[in-house]
Amino acid sequence: MSLHDENGLRERISLLGQSLFDRGLTMGSSGNISVRLEDGGWLMTPTNACLGRLDPARISRMDREGRLLDGDTPTKESVLHMAMYDERPQSGAIVHLHSTHSVAVSCLPEIDPEDCIPPLTAYYVMRVGKLPLVPYHIPGDPQLGDAVRGLAGRHSAVLLANHGPVVAGKSLEAAVYATEELEETAKLFLLLQGRNPRGLTPEQVAELEARFPRD
């Protein structure tokens, strides 16, 4: 990858991070984004950085072993990203947010830990699929990476209990779109609590998954 291409990725991370922040999908210094590079390394947003005010030049550049090459120190939740990438060689980017409705779902005691949100819409199935719950760990805990690694090979998105979603995609844009779809579906799910909503049938879900593979 040329320096020009890498600089373009840095700009896209900053632009999409600001978009997520400006629309209230993450707040303060919460949330982080990473992109896999052609040489096996990564670009990753820095620790304690606000996604709404990223400096492209200070985004962390890491080698394939996770060593920092340049930029600021990467997010303390880099363990989440590395675990997802280990299990998903086809994924090109990962987004982790503390988005309000998704976090709210992660706090509900009665959700199915193997599939936190039912298939309410076609686009949720197409972009997210089944969403397992990862038991609570303190942010940055290395054991959280092990917990995610056990699920990431079978799921492109996971929901961290009392914390938020981690979503992988073929590209940066695909990961962002899937994260946005997850947050909107979490909002729908909460709005429909106690109303016995009609979801998609298993046959409808199977047809969508066959025609629109995520990665």
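What percentage of the contacts in the protein with a separation of 6 or more comes from residues 24 or more positions apart? With contact meaning heavy atoms within 4.5 Å, the share is 66%. The model is a predicted one, where local features need pLDDT of at least 70 and side-chain atom pairs count only at pLDDT 80 or more, while totals for chains, interfaces and linings use all residues. Residues are numbered from 1 along each chain as its sequence is written, and side-chain values use heavy atoms, with hydrogens and water left out.

On overall shape, the C-alpha trace spans about 50 × 35 × 30 Å along its principal axes. The radius of gyration (over C-alpha atoms) is 17 Å, which agrees with the value near 17 Å for a compact globule of 215 residues, the rule being 2.2 Å times the number of residues to the power 0.38. Buried residues (under 20% relative accessible area, 1.4 Å probe, protein chains only) make up 49% of the 215.

Now for the inside. A nonpolar core here is a set of buried Ala, Val, Leu, Ile, Met, Phe, Trp, Tyr and Cys residues joined through side-chain atoms within 4.5 Å. The largest one has 19 residues, and I13, L20, I33, V95 and L172 touch the most other members. A second, separate core of 18 residues includes L80, L144, V158 and A168.

Methods. Buried < 20%, exposed > 50% of the residue type's maximum accessible area, 1.4 Å probe, protein only.
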